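The structure comes first, and the description follows it.

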Amino acid sequence: MMRIGMLTSGGDCQALNAAMRGVVKCIAHSGVEVEFYGFKNGYKGLIYGDFRMLTSKDFSGILTKGGTILGSSRTPFKTIREPDENGLDKVEAMKQNYYKLQLDCLVVLGGNGSQKTANLLSEEGLNVVSLPKTIDNDLWGTDMTFGFQSAVDVATGVIDNIHTTADSHGRVFIIEVMGHKVGWLTLNAGLAGGADVILIPEIPYDIGKICDAIKARDERGSRFTIIAVAEGAISKKDAKLSKKEYKEKMANYKYPSVSYEIAEAIQKNIGHEVRVTVPGHMQRGGAPDPYDRVFASRLGAEAGQLILNKEYGYMVAYKNREIVKVPLSEIAGKLKYVSPDASIIKEAKMLGVCFGD
Ligand code: F6P
């Protein structure tokens, strides 16, 4: 009898359920006798022994369901070695719960921080296989994470809707897109939605260049300008600040987010009426799109196969159109950024998109 634990950790995203279903279906289909244990709310469930046995009923009808049937939470890697408020050693507690249940493997569906903890548990001797989830697509070692394409769809839908109202009113609109410290989501949704200006953290912006792009559109007779701004976008000026200086600036920051700072600067510099739309967590919500359903199912099946082969300590990844396994030790703690020299950036510039640089 095989015993497998599973958890979903960090910010949720579309296709978490599809990926878990993929793992379960693959293992069940192999004919191996297996029990699945679902830890509730991410690593918290593993730390505090909060789990339930999962049956085939749990996995029926979830391919298309958003969110996660297990619940999720953030358990920062930074403090994972620190005891909790009652003095509990969290890493030791996770190990003990794993051993108590006599698990053969722990399956972790997570983003950056969660992969670091997965690697730590693997180094501590647990059998771990992980899957790359996040709308940010910022995981090192994989060309794509599941959840990303669905979030691109949502963010693109927002830009599409804003386009029509921006056109009617002749306004400048900023749409702030999630993505944490990287610009993948904004870049892709921005291009898909035909944004005129795309601002991502990897290419610090100059407000003057953004205003020039708006004025150029005015001169060409365009009634509106669409600006897709990554939540992590940063000005050239701020990018030059030391960590300490930037922290000080942010401590006294009067705007809800960078988009509002940009909006005010545009209004001040060229007098345009600017509106800001922040779709926020909508981008992580709802059903996975067909791409993610297929992608997460494939990743899940390959993760199941790794477990059947007793190959542990890997994240299932997507590289050059192939599903591969990457050692957890190779990916932990690394972020995958958009390269300012990437051909997609060059092509976007050829199309006339302004990146504010
Ligand atoms: O990592 C996914 C993500 O949605 C980021 O894009 C965003 O910065 C962050 O999570 C939001 O986190 P929370 O759900 O904790 O507000």
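## Ligand contacts

A polar side-chain atom of arginine 74 is placed 2.9 Å from an oxygen atom of the ligand, a polar contact in the sense of a pair of N or O atoms within 3.5 Å, where within protein one must be able to donate a hydrogen and the other to accept it, and residues adjacent in sequence count only if both atoms are side-chain atoms. Glutamate 231 brings a polar side-chain atom to 2.5 Å from an oxygen atom of the ligand, and for histidine 281 an N or O atom of the side chain is 2.9 Å from a ligand oxygen atom. Of the 400 Å² of accessible area that the ligand has on its own, the protein covers 71% (Shrake-Rupley method with a 1.4 Å probe).

The residues around the ligand, each with a heavy atom within 4 Å of it, are Arg74, Ile135, Asp136, Met178, Gly179, His180, Glu231, His281 and Arg284.

## Basis of the model

This is a predicted model, in which local features need pLDDT of at least 70 and side-chain atom pairs count only at pLDDT 80 or more, while totals for chains, interfaces and linings use all residues. Residues are numbered from 1 along each chain as its sequence is written, and side-chain values use heavy atoms, with hydrogens and water left out.

The largest pocket has a volume of about 900 Å³. Among the 30 residues that line this pocket, Arg74, Asn112, Gly113, Asp136 and His180 are the closest to its centre. A pocket here is an open set of points on a 1 Å grid over the protein atoms alone, where a 1.4 Å probe fits, with protein on both sides within 12 Å along at least five of seven lines, and lining residues have an atom within 4 Å of a point. The lining of the largest pocket divides into six nonpolar, 13 polar and 11 charged residues, with Gly counted as polar.

The second largest pocket has a volume of about 360 Å³, and its lining includes His180, Lys181, Glu231 and Tyr337. That lining divides into four nonpolar, two polar and four charged residues.

## Arginine 3

Arginine 3 belongs to strand β1 (residues 2-8), strands being DSSP runs (E) of at least two residues, numbered from the N terminus. Its side chain forms a polar contact of 3.1 Å with the side chain of tyrosine 37, and the side chain of arginine 3 also reaches the backbone oxygen of leucine 101 at 2.6 Å.

How values were computed. Grid points are joined across faces, edges and corners, and a volume is the space filled by probe spheres set on the points. Helices (H or I, at least four residues) and strands (E, at least two) are DSSP runs, numbered from the N terminus.
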